[in-house]
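Student: I have a new model on my screen and would like to walk through it with you. Could we take it one question at a time?

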Protein chains: 2
Amino acid sequence: MRQSILAKNDRLAERNRGFFHARGLLALNVLSSPGSGKTTFLRETIRLLGRKLKAGVIVGDLATDNDAERLRDTGAPVVQITTGTVCHLEAEMVARAVNQLKLDGLELLIIENVGNLVCPASYDLGEDLRVVLLSVPEGEDKPLKYPPMFQAADVVIISKTDLAEACGFDRKALLTNLRRIAPKAQVFEMSAKTGQGMDAWREFLLKRYQEQKSREPLGV
Amino acid sequence: MRQSILAKNDRLAERNRGFFHARGLLALNVLSSPGSGKTTFLRETIRLLGRKLKAGVIVGDLATDNDAERLRDTGAPVVQITTGTVCHLEAEMVARAVNQLKLDGLELLIIENVGNLVCPASYDLGEDLRVVLLSVPEGEDKPLKYPPMFQAADVVIISKTDLAEACGFDRKALLTNLRRIAPKAQVFEMSAKTGQGMDAWREFLLKRYQEQKSREPLGV
């Protein structure tokens, strides 16, 4: 049952991927626990990128459109998916949301997933990069305790670094745990509140977009 | 499919409930996002209760037995459930774990669920009290964004209050949001790190245990 749901999702995710590439979009699937700071991080990312890389957003939540409203303040087009009791986004939900998004002129498609460090790990949405946030107050052991999510990450963002001192954060322990579970993930440490570390992330995205643009869009 | 899984779980949960009552146990199902401080909170709870209310623990995680080890330091008996990729505990897993726990002399059964603010909300484990933690750094909007979890809570613990200043925490906004979603839940605010607020929680548990003990064990 679960296998067949996932296999169907994987097919629809590849269709999304082909569609995104044909439209010249770099697609991010952004994941974390509730309250890790995804929305603030994305709002600051969109602001920093400005006209250099024009972003549109699809945002998933069980309830409310608070996050969509906060993201709309950036001027970016935003589509909200409300999942009710469903604990993750699926490729089909994303496909439906894409149909509501004005894609002309967009270069970056950001998909903010439901806050959940377990279930969304199993669902490909057609993204190019899977970006997992882990906020400093959550603790250094999380990569070991939620391995599927961190194993599947292309990028790990250590967020809320401004709280490191107040939390007695052990940076070295977290990096050791991350390296064990996700040896190939790119790691960025940042505070969207103070702006510290955001520039490196911006440069990474711009470079990654250029690389993708220079490749064959349906290349494998 | 989902309905039939949940209906089966609900039956097994009632069986657990009858068993716990026959053994004179007060059972807690403790839930939150990853990194809200469940394990530290429970360790301090067990220490504070001491011989007044002897506790045993069942702890669920996708991977590692770090939490079980930290809880064993209190001297309480602990059984670890490792769920692999499963995002929640089910009544049947708890029943199997109870068989491994020495129940003689225990009065409080604490079940620490998988860190997830979505899926565990749907699974009754046979508990008497559902205790949901929300840590200050997660933000004031979480009850609105994850309504099923907060609607099902008997007790809400606002944890990590020592970080309120560093986070610019808006206590009034959180309490307003909580009252909207969970008007009947008992709310405790505390820091397991500083001990602030832990006494009121201890008194609540002792009183609740005495109340339950004075009732008919199979009363409805």
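Student: Is Thr64(B) buried, partly exposed or exposed?

Tutor: First, a word on the source: this is a predicted model in which local features need pLDDT of at least 70 and side-chain atom pairs count only at pLDDT 80 or more, while totals for chains, interfaces and linings use all residues. Residues are numbered from 1 along each chain as its sequence is written, with chains lettered from A and ligands numbered from 1 in the order in which they are written. A residue is buried if 20 or more other C-beta atoms, placed from the backbone, lie within 10 Å of its own, exposed if 12 or fewer, and partly exposed in between. Thr64(B) has 15 C-beta neighbours inside 10 Å, so it counts as partly exposed.

Student: Where does Thr64(B) sit in chain B?

Tutor: Helices (H or I, at least four residues) and strands (E, at least two) are DSSP runs, numbered from the N terminus. Thr64(B) has a positive phi of about 75 degrees although it is not a glycine. Its place is in the loop between strand E2 (55-61) and helix H3 (66-72) of chain B.

Student: How many helices and strands does chain A have, then?

Tutor: Using those DSSP runs, you can count them along chain A. The chain holds nine helices and seven strands.

Student: What share of the contacts in chain A with a separation of 6 or more comes from residues 24 or more positions apart?

Tutor: Two residues are in contact if their C-beta atoms, placed from the backbone, lie within 7 Å. Of the contacts in chain A with a separation of 6 or more, the share from residues 24 or more positions apart is 77%.

Student: Which helix gives the most residues to the side of chain B that touches chain A?

Tutor: The contact takes 32 residues from chain B and 32 residues from chain A. On the chain B side, the elements giving two or more residues are helix H5 (142-145), helix H6 (147-151) and helix H7 (164-167). With three residues, the one that gives the most is H5(B).

Student: Why do we say that the copies meet through the same surface?

Tutor: Compare the interface residues of the two chains. The copies meet through the same surface because the share of interface residues of chain B that are also interface residues in chain A is 100%.

Student: Which residues have the most contacts inside the largest nonpolar core?

Tutor: A nonpolar core is a set of buried Ala, Val, Leu, Ile, Met, Phe, Trp, Tyr and Cys residues joined through C-beta atoms within 7 Å. The largest has 124 residues. Beyond its neighbours within four places in sequence, Val156(A) is in contact with several residues, including Leu134(A), Phe150(A) and Leu178(A). Those with the most contacts inside the core are Ile111(A), Val156(A), Ile111(B) and Val156(B).

Student: Which residue of E4(B) is the bridge partner of Asn29(B)?

Tutor: Six of the six residues of strand E1 (residues 26-31) of chain B are buried, so this strand is largely enclosed by the rest of the structure. Two strands pair if DSSP finds at least two bridges between them, and five bridges join E1(B) to strand E4 (residues 108-112) of chain B in parallel. On its other pairing, with E5(B), Asn29(B) stands opposite Arg130(B). In E4(B), the partner of Asn29(B) is Ile111(B).

Student: Is Glu165(A) buried or exposed?

Tutor: Glu165(A) lies in helix H7 (residues 164-167) of chain A. With 10 C-beta neighbours inside 10 Å, Glu165(A) counts as exposed.
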